[in-house]
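Here's a quick briefing to read alongside the picture.

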Amino acid sequence: MTFREINSKMVEATVAPGQRLFSQRGAMLAYRGDVSFTPNVQGGQGGLMSMIGRRVAGEATPLMTVEGSGTVFFGHGGHHVHVITLSGDTLHVEADRLLAFEGTLRQGTMFMGSQGGVMGMVRGQVTGQGLFTTTLQGHGSVAVMAHGGVFEIPVTPQRPVHVDPQAYVAHHGEVRNKLSTALGWRDMVGRGSGEAFQLELSGNGTVYVQASEEKL
């Protein structure tokens, strides 16, 4: 694994010749060795269309390409950091939650409405998280940020999981999502997102939830 958790708010990443990492701009805390940091204009392995998709989605989080030989320490804003390892599957994560990820992963953008239909679109309008989400696919590791730490909840065909949309961080596996209402429309006035709306995830995989409803 490229990333090693130093504490709850910092990770250490090994950079080797011929390999590269992508990190959120401003995430580098310190480094050792011969390491370079350059602005990324290609949108990771997803290329130009991935970058355009993120800009249309309002997820134009600036990325830096990290290359060379050495060790880099990443963290950002005092947020908690959680490392997720992918083994060929796809991770769905909000772009502003990405701290750093390996260059072996292919980056893309998915329209949430394609999974949740109209309710997927409503989710973006209500929670403020946007109608699009970033996807990372392949073999490698990802460091994501959250408030108050992250816990993993397994999603199984027999046991779907309901999550407050504000507490949702990411998910991977064969998971479908849709927004459901816990209350009638008249009862939603003045209530928080978790009381009025719930993000239902079903299928087979894992959902990552932060221990807070606070946005990044």
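**Overall build**
- You'll find 13 strands here, along with 3 helices.
- The protein has 216 residues, and 51% of them count as buried.
- Take the contacts between residues at least 6 apart in sequence: 82% of these join residues at least 24 apart.

**The nonpolar cores**
- The largest nonpolar core has 17 residues, and the ones touching the most other members are L86, L91, F101, L136, V142 and Y208.
- Strands β6 (80-93), β7 (98-102), β9 (132-146) and β12 (168-181) each give two or more residues to this core.
- There's also a second, separate core of 16 residues, with V66, L99, A100 and A143 among them.

**Zooming in on L136**
- Skip the neighbours within four places in sequence, and L136 is in contact with L86, L91, F101 and V142, among others.
- The contacts of L136 also include D89, T90, L98, L105, R106 and Q107.

**How confident is the prediction?**
- The average pLDDT of the protein is 80, and 71% of the residues score at least 70.
- Residues 116-131 stay under 50 in pLDDT, and the model gives them 36 contacts beyond four places in sequence.
- Residues 185-194 are also below 50, and this stretch has 10 contacts in the model beyond near neighbours in sequence.

How values were computed: Residues numbered from 1 in each chain as written. Predicted model: local features only at pLDDT ≥ 70, side-chain atom pairs only at ≥ 80, totals over all residues. Heavy atoms only, no water. Core = buried A, V, L, I, M, F, W, Y, C linked by side-chain atoms within 4.5 Å. Buried < 20%, exposed > 50% of the residue type's maximum accessible area, 1.4 Å probe, protein only. Helix = DSSP H or I, 4+ residues; strand = E, 2+ residues; numbered from the N terminus. Contact = heavy atoms within 4.5 Å. pLDDT = per-residue confidence, 0-100.
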